[in-house]
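Student: I have a structure to read, and I would like to learn how its features are described. Could we go through some of them together?

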Amino acid sequence: MEFEAIIGLEVHAELSTKTKIYCGCTTEFGGEQNTHCCPVCMGLPGALPVLNKEVVTYAMKAGLALNCEINKETYMARKNYFYPDCPKNYQITQDETPLCKNGYIEITTEEGTKKIGIQRIHIEEDAGKALHREDGTYVDFNRSGVPLIEIVSKPDMRTAQEAKMYLENLKAILQYTEVSDCKMEEGSLRCDANVSVRPKGSTEFGVKTEIKNMNSFKAVEKAIEYEIKRQIEAINRGEKIVQETRRWDEAKGETVVMRSKEEAHDYRYFPEPDMVYLVVDDEWINNVKSTLPELPDKKRARYISEYGLPEYDASILTSSKALAAFFEDTVKEGASPKDASNWIMGEVLRTLNDREMSIEDIKVQPKHLSKLIELINNGTITGTIAKKVFKDMFETGDDPEKIVNEKGMVQISDENAIRDIVNKVLDENPQSVEDFKNGKTKAMGFVVGQVMKASKGKANPQLVNKLVEEELQKR
Amino acid sequence: MLVTIRDVEYVAKLARLEFTEEQKQRFTEDLNGILNYVEMLNEVDTENVEISIGAYRVENALREDVVKDSFNRDSLLKNAPDSQDGFVKVPKVIE
Ligand SMILES: [Zn+2]
């Protein structure tokens, strides 16, 4: 039997507001334990939470960028559970009235563009951090009360790859709108997945499992792939899938049971009595709308139509806000979009990948990349030398002109100087001259390579070609 | 009977409370009394009434996004039953 998988994702993103959701403590990452705290975020009795207006604005911004409707009247709810990182023994969140609903994200699959629905986006508070040591559990509440949005997708994804694409696009949109910095390593973006399988063609849903503890997009993809395979194999063995929460074990590369349905939490949601209605009007919504930047989809389309870039290049360049900005700044500094794109898609991304760095960490300035391209185009340096200069720029962040001058990398365009090198190479390689005379044109390529090498890559390649041919004919 | 002793045991477990058999019996009776009393609310037609979250309608008690000084850690930690190295310390829990 052929199966298909049904995947839904729940993503938590920490908002980039300055203060926490219900108190004025800073949201700054790090800090000594329990120094970004007050009675509200420590859950002390009698403390009164007051909603941060900016949290509403940020959440609506995310919602509008994700094509959602805004719920104009909402209220907060208590979600009750016991865990030491939750000091009040309840989390103030939204239950029946999420701030945003019914949105979607577009992903590009082999069959074309596919819309992945977003069921809801609600605002809530983050928990503290529990450290488990030999003699007890130690809790730091600096993160407690940091604002979150939870983005719940519809069960519209069918493969682990689609899930990964959804996450990548979601992350790009949250970064473009500056709603969240989406640093998975700092926990500001977290993802849980709901996975079930069913016979292909069936319209009923199978029993789903929830997978937690995936710390990267790669892990999400691997965990979902594993879980789909596990469920299909279990069904093929005649077993029943049980509704349960499973944890992704990165080291073992498998999902393991965390808790079964019987042990599932009963959160007993009810309206939060310490808070009042949240009402947003058209003016507020329109103000937020007017601050939306150009989003990845639009930007990609513009790169294709305005700059004439191939779709693939446009997708890569717009995949993160920082990369798109680097590209646009390089163009602004004078480089042609094609040259800028070629360099970024080539040398820049390759070097960043090799070093496992991201564009945010690069020392090279867009104006320097633009200048490097100009140095090639006006014949000051050769393409080969440019790659060497770029390596230097990558290490030092220096101006390419400075590097070229200091290291004497200027292109040799003096015919006589090149002719001397050519003749020297020909003298040293009589066999090549012989081969050329016998009609083996390949020999010419070898000589050209030797001349370039002898000039340390500085000789003007067109001139080298021309002079090698001339000198060979003479012999 | 709206509430059985099973319900009392379940709610007690959720609230991390332990009761004697006698107490469970008493709470079952008490809760049934309370629920029977508020049962009369079901006689009211609420078909077209919106859910209300409070006795008085209040909207948008909001705060500007301006950082305020956090509290002194030592004074905060005095409220915890136990603390060490600036952390709140609780019995070991692993989920
Ligand atoms: Zn606080």
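Predicted model: local features only at pLDDT ≥ 70, side-chain atom pairs only at ≥ 80, totals over all residues.

Tutor: Residues are numbered from 1 along each chain as its sequence is written, chains are lettered from A and ligands numbered from 1 in the order in which they are written, and side-chain values use heavy atoms, with hydrogens and water left out.

Student: Which protein donors does the zinc ion have?

Tutor: Donors are N, O and S atoms within 2.8 Å of the metal (3.2 Å for Na, K and Ca), and since water is not among the atoms, sites may look incomplete. Here the zinc ion has the SG atoms of A:C23, A:C25, A:C38 and A:C41 as its protein donors, at 2.3 to 2.4 Å, and in sequence these donor residues follow the spacing C-x1-C-x12-C-x2-C.

Student: What arrangement do the four donor atoms around the zinc ion make?

Tutor: The ideal angle for four tetrahedral donors at a metal is 109.5 degrees. Around the zinc ion the four donor atoms subtend angles of 102 to 114°, so the arrangement is tetrahedral, a word used for four donors if all angles lie between 85 and 135 degrees.

Student: Is A:C25 buried or exposed?

Tutor: Buried means under 20% relative accessible area, exposed over 50%, and partly exposed in between, with a 1.4 Å probe and protein chains only. A:C25 has a relative accessible area of 2% and is therefore buried, and A:C23, at 5% relative accessibility, counts as buried too.

Student: Where does A:C25 lie, and which residues is A:C25 in contact with?

Tutor: Helices (H or I, at least four residues) and strands (E, at least two) are DSSP runs, numbered from the N terminus. A:C25 lies in the loop between β1 (3-14) and β2 (51-52) of chain A. Contact means heavy atoms within 4.5 Å, and, leaving aside neighbours within four places in sequence, the contacts of A:C25 include A:H36, A:C37, B:K68 and B:S70.

Student: At what angle do helix α1 and helix α2 of chain B pack?

Tutor: Two packed helices are described by the angle between their axes and the distance between the axes. Axes are lines fitted to C-alpha atoms, for helices over the stretch in contact, and angles run from 0 to 180 degrees between N-to-C directions. In chain B, α1 (residues 5-14) and α2 (residues 21-38) pack at about 105°, with their axes 9 Å apart, and α1(B) and α2(B) are therefore roughly perpendicular, the word for 65 to 115 degrees.

Student: Which residues of α1(B) meet α2(B)?

Tutor: B:I5, B:V8 and B:E9 in α1(B) meet residues of α2(B), among them B:F27, B:T28 and B:L31.

Student: How far apart are the C-alpha atoms of A:A335 and A:S370?

Tutor: Although A:A335 and A:S370 are 35 residues apart along the chain, their C-alpha atoms are separated by 5.0 Å. A:A335 lies in the loop between α7 (321-332) and α8 (337-354) of chain A and, at 7% relative accessibility, counts as buried.

Key: Parallel < 35°, antiparallel > 145°, perpendicular 65-115°, else oblique. Tetrahedral: all angles 85-135°; square planar, octahedral: opposite > 155°, others 65-115°.
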